[in-house]
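Visitor: I would like a close look at a single part of this protein. Please take me through it step by step.

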Amino acid sequence: MPALDKVEREQFVDYVISRYAWVDYKASVALFGSYDQLVIAADSTTGSEYDINEDYNGESDRPYLELIAFAKSKGILDRIYSLDAGRKVEHIFEAMRCTSATPHHLKSFFHTDIKLVK
């Protein structure tokens, strides 16, 4: 089978996009009143979706796997955020003893700002 030339490749890409795109372009344009307004809205909101304010510490992420296993074994993985402060502290101190997690990992995983020293 011969390779596609530039025009054929562009036609193929256009076909795939039009056939399999999950965006309903007509409905999207209708929401914004015009195609130009849609483009302006997209340009105005693009760029900050990955600006997650997270401190970089350079430590390995491996302890998070241990913390996930710990939380699963305690049956709290799906409710870590809703634990009351006392129960959260109990689990944090137990996790400090049986995982390699640093205070940074523990505070991040359990979503708390308590002072921890390991």
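Which helix gives the most to the nonpolar patch, and with how many residues?

Guide: Helix α1, residues 6–20, gives the most to the patch, with six residues. A word on the source first. This is a predicted model, in which local features need pLDDT of at least 70 and side-chain atom pairs count only at pLDDT 80 or more, while totals for chains, interfaces and linings use all residues. Residues are numbered from 1 along each chain as its sequence is written, and side-chain values use heavy atoms, with hydrogens and water left out.

Now the patch. Its members are Leu-4, Phe-12, Val-13, Tyr-15, Val-16, Ile-17, Tyr-20 and Tyr-25. Together they have about 820 Å² of accessible area. Such areas come from the Shrake-Rupley method with a 1.4 Å probe; for residues, only the protein chains shown count as cover. Patches take residues with over 30% relative accessible area and no salt bridge; like charges are joined within 9 Å, and nonpolar side chains (Val, Leu, Ile, Met, Phe, Trp, Tyr) within 5 Å.

Take Val-13. This residue is found in helix α1. Val-13 counts as partly exposed because its relative accessibility is 44%. The scale runs like this: buried is under 20% relative accessible area, exposed is over 50%, and partly exposed is in between (1.4 Å probe, protein chains only).

Helix α1 also holds a charged pair. Lys-6 forms a salt bridge with Glu-10, and their closest N and O atoms are 2.5 Å apart. A salt bridge needs a side-chain nitrogen of Lys or Arg within 4 Å of a carboxyl oxygen of Asp or Glu. Both residues lie in helix α1, four residues apart, about one turn of the helix. An α-helix has 3.6 residues a turn, so residues three or four places apart point the same way. Lys-6 is exposed, at 53% relative accessible area. Glu-10 is partly exposed, at 41%.

Next, the start of helix α2, residues 25–32. There, a side-chain oxygen of Asp-24 reaches to within 3.4 Å of the backbone nitrogen of Lys-26. Just after α2, Gly-33 takes a positive phi of about 90 degrees.

Last, step back to the chain. Its secondary structure comes to six helices and zero strands. Helices (H or I, at least four residues) and strands (E, at least two) are DSSP runs, numbered from the N terminus. The structure holds three salt bridges, one of them the Lys-6 and Glu-10 pair. Of the 118 residues in the chain, 19% are buried.

Technical notes
A polar contact is a pair of N or O atoms within 3.5 Å; within protein, one must be able to donate a hydrogen and the other to accept it, and residues adjacent in sequence count only if both atoms are side-chain atoms.
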